[in-house]
Amino acid sequence: LVVDKGRRLGGRVSTRRKNGFLFNHGAQFVTARGNEFSALLADARNSGSLKDWRINPEKTVQIGAPSMRDLPQFMARGIEIRQQIEVTNIAHIGPNIGFFDDAGLIACGRQAIVSAPAPQSARLLTNLYPDLAATAQLTTYDPCWTIMLSLAADIRRIGKSQDQLFPLRNEAAGIGLAVPETIRFANGPAPTTSEPSALTIQASGAWSQKHLYDDPPLVIARLCDIWIETAGQPLASIVDASAHLWQYAKVTRAADKDAKRHSNDRKMAIAGDWLGGSRVEHAFESGVEAYIGLCCSK
């Protein structure tokens, strides 16, 4: 059983649809270095849930098909998942572990894995398993402001040198990555200037931290100005704009490799990218490690 605070699967491997526009506004792609995650991605590719994306002439990555959310949806097949439930407390109930929201008990089991972002995991575990909470407290993150622009025309058909322009990155100016969603389907028919387009702009960690408490309209305006200056071209007419703040986006300091990850009674384990690094594969590997650690204790 998976209990999830979010409305949709995948956490930061996320996609948003609005007014006919699609935005991959979380993790932009995945890569694999280890055998297990490579095998998972191969299975996802064979199912049609994943495909290659040549992000630059020297690098090919994998993206969900048709959206990033399709990868976690593929992984979730056959799993019971309850969403939009926020766990506020964890406690022992006899030999078991109980999970509670503000209304009371929502789930109970013999063993459990907590995979919330490190600060949230630390709060949930500090009284029950302080050694695991201490591991979570070793971690730091950069936030990420992301804006989603619905444009009246495809941005790649405006200005010049588009082949070299996207994806656009300028960390010094404040842009971590700017991606017109149409370039993810570059093998398809070329868009025309009359076709609408979705542009996702993710701010750098430093910029997001500096503007952490700015109001969304101000964030949108500032990042649009930075994009125009960096790209050297205007934006197409903006039909709609929205912003999302990923409070715990990129892991800047992962927990130490020898830090505690399983409770002494082998009833609780922790998982998350923050135990290894900032890539999706780190989250996957930590989940495998947590599961094996609990299973081996039976």
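Trainee: Which strand order does the open sheet of five strands have, and what is its pairing?

Mentor: The order is E12-E13-E14-E11-E15, and the pairing is antiparallel. As for the labels, helices (H or I, at least four residues) and strands (E, at least two) are DSSP runs, numbered from the N terminus. Two strands pair if DSSP finds at least two bridges between them.

Trainee: Which strands stand at the edges of that sheet?

Mentor: Strand E12 (168-170) and strand E15 (238-253) do; each has a single partner strand, so one side of each is left without a neighbour in the sheet. On average, neighbouring strands here are turned by 15° against each other, direction ignored. Axes are lines fitted to C-alpha atoms, for helices over the stretch in contact, and angles run from 0 to 180 degrees between N-to-C directions.

Trainee: Before we go on, what kind of model is this?

Mentor: It is a predicted model, in which local features need pLDDT of at least 70 and side-chain atom pairs count only at pLDDT 80 or more, while totals for chains, interfaces and linings use all residues. Residues are numbered from 1 along each chain as its sequence is written, and side-chain values use heavy atoms, with hydrogens and water left out.

Trainee: Thanks! Over how many bridges do strand E11 and E15 pair?

Mentor: Strand E11 (residues 140-151) pairs with E15 in the antiparallel sense over 11 bridges. To find one of them, look at Cys144, whose bridge partner in E15 is Trp246.

Trainee: Where does helix H7 lie?

Mentor: Helix H7 (residues 216-231) lies across E11, E12, strand E13 (175-180), strand E14 (197-203) and E15. Its direction is at about 80° to E11. Contact means heavy atoms within 4.5 Å.

Trainee: What is the order of the open sheet of three strands?

Mentor: That order is E7-E8-E9, with antiparallel pairing. Strand E8 (residues 96-101) joins E9 in the antiparallel sense over five bridges, and Phe100 has Leu105 in E9 as its bridge partner.

Trainee: How should I read salt bridges, and how many are there?

Mentor: Side chains of opposite charge can pair when their charged atoms come close. The rule asks for a side-chain nitrogen of Lys or Arg within 4 Å of a carboxyl oxygen of Asp or Glu. By this rule there are nine salt bridges. One of them joins Lys5 and Glu86, with the closest N and O atoms 4.0 Å apart. This pair links distant parts of the chain, 81 residues apart: Lys5 is in the loop between strand E1 (2-3) and strand E2 (16-18), and Glu86 is in the loop between strand E6 (81-82) and E7.

Trainee: Are Arg184 and Glu181 buried or exposed?

Mentor: Buried means under 20% relative accessible area, exposed over 50%, partly exposed in between (1.4 Å probe, protein chains only). Arg184 has 4%, so Arg184 is buried, and Glu181, at 5%, is buried too. Their side chains meet in a salt bridge (2.8 Å, N to O). By contrast, Lys5 is partly exposed at 49%, and Glu86 is partly exposed at 46%.

Trainee: Where is Arg123 placed?

Mentor: Look in helix H3 (residues 118-125) for Arg123. With a relative accessible area of 57%, Arg123 is exposed.
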